[in-house]
Structures are given as C-alpha cells and as structure tokens.
Amino acid sequence: MNQSMQVLQSILEQSQWAAPEEICRKQISHIQRLLHHAYETVPFYKNFYADIPRDITQKDNPIVALPILTRDHIQAAGTNLTSLKIPDSHGICYPLETSGSTGKAVKVLGTDFTRLFYDAVMLREHTWHSRDFTKTLLSIRWGKRDFAYAPIGHKQSTWGPPINQYKTTGPSVFINVASDTRSQIDAILLYDPHYIISYPSQFAALAEFCLTNSIHFSSLEEIRTTGEMLSEDYTNLLKQAWPNVKISDIYSTEEVGNVAQQCPEYRNYHINAENIYLEIVDSNNLPCHIGQPGKVLLTSLMNYATPLIRYEIGDYAEFGEPCKCGRQLPVIRKILGRKRNRLILPNGESRFPYLGDREEIKHITVDAAMRKFQLVQHTLYDIEYRIVIKKPLTLFQEEELKKFFQRSLGHHFNVTIRYVDQIPLGPTGKHEEFISLVSIQ
Ligand SMILES: [Zn+2]
C-alpha cells in the first residue's frame, strides 16, 4: 500500500469515532473551501451562484442557501462544469464514467486526489467487514454484450483494480449479469467463491433457484449487494436460501463513489462523511428529520475537477438515529429507491409503493409458479402488471391478484395483467419491481 493511502487509512480509522460536532466542523470547512474553489474557477458556478452573495463561503453552514444541482444542469453545462484551475497537488484528471442508469448519462471528471478518497472509503468497507483478500470473489454485474457469460465468465488472478493496487488478493471471476440464472448457478458451483457481489434482484433469482432445487454453495461466506434497493423481502429470501451467509449492502454511485455502507454490527448505513456531505430534503427542499423520507443531495468534498455541490442524484432515503456501534459517522436508516420507483396517486401525491406480502402472492398464484414480476404505472389510473409464469392464471386468480395489488397500492387502480416470457433488465442489468412512467414534479 502506498504511503498516502496508509496515512489516509489511519486518519479514517480515527475520524469515524470522532465527536459528531468535530465531524460536522471538518465537513463545513471542506465545504467552504470547495465553494470558494467553485466560485473562483468553475464557469458554471459563477453563473449558477450569480445571485448568491460571495461571502456565503465564510458562513457556518453555507450549503443550505445554494440551489440544487440536477443531472440536467450537469448535461447542459458540459465542460463549463470543469474547473479552469485544478490544484497541481490533486494530480492528473480523468473521467468518472457514469452509465446513465436513469437514462441520462453525465460526464464528471475526477483527479488522483479524488480517487485516493474513493479508494480509501472502499478499503474502509472491506476493513469493517473483515474480509480475507486471499479468498475467492465472484462478481455478477453488468458487462459488455457477449462478454464473460456464465458459467465460464472472466477469470482473473486478483480481485482487480482498485483493490489489487493496495492488497495482495486471491482470484476473482466476473460474470455478465445477462447470463441466465441456471448458468450463474453453474458458475458459482464451478468456482466455489467465498464472496459474491451482485444486485439484490440477481441474488433473489439465485435464492429462488437454490431453494427450489436444493442447491447448496459450500464455501459461500458473504453476499455483498449493491446497485439496487435491498428490500426487506429480498433480505428475508436471501436469509432463507443461505441461512449462515452474511449479507452486506453498499450504497454507491459512479459520480461520487461509495456514499455509505452497512455497519459491520447493525443494519444501519454509515455515510462516508470525510468524503461526502449528504443531505436529505423534502419536496420544498427543506431538511428532513430522522425517519422522514426525502431526496438525497450529495456534495463530493474531494472533487476539485468537476465540483458536485448539492447534487440531486435521484435517490430517496431517510436518516436514522446514531448507531449503537459507537461510530459517529451519520446514519442512513433506509435507502428507498429512485424517483421513478415512486407511485403517483391520481391526486398527485407520490410515495414508494408497498407491493404486498410475497407469501400472499404465492398463495394466490399457487401451481402457476410465478417467477418474476414488474409493475408499470402508465397513467395516473392505469397499472400494467407484467408476469413471467409457467402456466396462465385462472380468471379467478387474475381477479384475486388485481384486488391484491389495489389493496397493497392503496388505490383502486385499473390493473391489467400481461404475460411475458421475460422482463428485460434495465440499461445496467438491474431489475426494478415498480416503475412509474407518469411524469409529475
Ligand atoms: Zn454502526
């Protein structure tokens, strides 16, 4: 491990236990410095903050008075969002790829300095969960078409970058998420990994398969989820399939790296406050209190190439009480999903829909062996219910299902059932159980 990473690691080891006032004081000081840099060197912010008094950078909590940055702003700004004077000490500049999983890719640059912090919080997550780097890692994620299909996948002698730059590791295998479930199971049986990382919906499909076919993974110690909301339903299903396997979730975005990760002792997510200032705000952009769901705004404290300040990433979450583990990093209790996963009621109210008890669905569709479903809201009144099923439901079952969803969603929507052979994955290989196509602010 290089020296700067070693130093940073020991700083992060200390700072996670620091008093909350101390963590907050350091964040404010980073924000003040970043704002000053953005005002002075980034053409976009000169214009965006034109009505904001310059002395705000000296205020105790300058950020709350600033406008919110959206994906549309970033796309429209183009290179105007790049600093004209990146500090030399921050090293070279390179693009942080964003895949545009919400349909709008954004281009953001970072520096060596930015990367150092991204990697440091990534290493912190490994340290918290005491992983043995010599063991085998299998990753099932989005990949290029025709690349690394299961069961063979793409085998490497290390865990790959960035981890292999800092640690000596064992082998890893990459599997394209587009591989079918049976082949993914074969890959896991073939490579017998200790750790698997993938999206919650992928694990859910694997868990169902293992339960139905009594398949056991002999060396599996930990499931690492990322990229989608890890619901209570999924967690229960994964525990049922693999009772002795640990489950840990990471909340990460391509633009700012690992935002938060699950505590090694409790289910809370701890925010990497040394690298990110995270706000949760309501529909009037006012701060949410603990337990109140709201929009996530991110400020990337160590990116001086493309400063992201109050960036509305598109996720919803809620803050939690301080964690009992003693770490003082702020807590997210729940990550709720993305804006388009919110149900819009005819009166304009929007919320994350409750999709009902899975046991009840199984009870209604008994014998029909439903494999997967997706609800799509087309209008304020119409919901399409796409299902992958072995044999069609009876008329009675269809009616029961419709009533079940009307009850769960809390409104008498017009529910239409559509049988499909498969539900295509989203642009980056992720599955969403509920999507609203209704556009409302
Ligand atoms: Zn904790």
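These are my notebook entries on a predicted model, taken one site at a time.

The cut-off for buried is under 20% relative accessible area.

**Entry: helix 7 against helix 8**

I looked at how helix 7, residues 181–191, packs with helix 8, residues 200–213. The angle between them is about 80 degrees, and their axes lie 10 Å apart. That angle makes helix 7 roughly perpendicular to helix 8, because angles of 65 to 115 degrees are put in that class.

Which residues meet there? From helix 7 I listed T181, R182, Q184, I185 and I188; from helix 8 I listed Q202, A205, L206, F209 and C210. Sorted by class, the contact has six nonpolar residues, three polar ones and one charged one.

The bond from A150 to P151 is cis, with omega near 5 degrees. P151 sits in the loop between strand 3 (137–141) and strand 4 (154–156).

The bond joining P161 and P162 is also cis, and its omega is about 0 degrees. I found P162 in the loop that runs between strand 4 and helix 6 (163–166).

Most residues other than glycine have a negative phi. I looked up two residues that depart from this.

S214 is not a glycine, yet its phi is positive, about 50 degrees. This serine is in the loop between helix 8 and strand 7 (222–226). Is S214 buried or exposed? Its relative accessibility is 66%, so S214 counts as exposed; the cut-off for exposed is over 50%.

R310 has a positive phi too, near 55 degrees, and is likewise a residue other than glycine. Its place is the loop between strand 12 (294–300) and strand 13 (311–319). With a relative accessible area of 3%, R310 is buried.

**Entry: R124**

I located R124 in helix 5, which covers residues 112–128. The relative accessibility of R124 is 5%, so this arginine counts as buried.

I then asked which residues R124 is in contact with, leaving aside its neighbours within four places in sequence. They are Q9, L12, S15, Q16, Q261, N272, E274 and L329. I also took one C-alpha distance: R124 and E13 are 111 residues apart in sequence and 8.0 Å apart in space.

**Entry: F352**

F352 is in the loop between strand 16 (350–351) and helix 10 (358–364). Leaving aside neighbours within four places in sequence, I noted its contacts as Y316, L336, G337, R338, N341 and R342.

G91 is in the loop between helix 4 (71–77) and strand 1 (93–96). Its relative accessible area is 36%, so G91 is partly exposed. From the C-alpha atom of G91 to that of G110 I noted 9.6 Å, with the two glycines 19 residues apart along the chain.

K390 is in the loop between strand 18 (382–389) and helix 11 (395–409). At 62% relative accessible area, K390 is exposed. How far apart in space are K390 and T299? The C-alpha atoms are 47 Å apart, and in sequence the two residues are 91 residues apart.

Conventions
Residues numbered from 1 in each chain as written. Predicted model: local features only at pLDDT ≥ 70, side-chain atom pairs only at ≥ 80, totals over all residues. Heavy atoms only, no water. Axes fitted to C-alpha atoms, helices over the stretch in contact; angles between N-to-C directions. Helix = DSSP H or I, 4+ residues; strand = E, 2+ residues; numbered from the N terminus. Parallel < 35°, antiparallel > 145°, perpendicular 65-115°, else oblique. Contact = heavy atoms within 4.5 Å. Nonpolar A, V, L, I, M, F, W, Y, C, P; charged D, E, K, R; others polar. Buried < 20%, exposed > 50% of the residue type's maximum accessible area, 1.4 Å probe, protein only.
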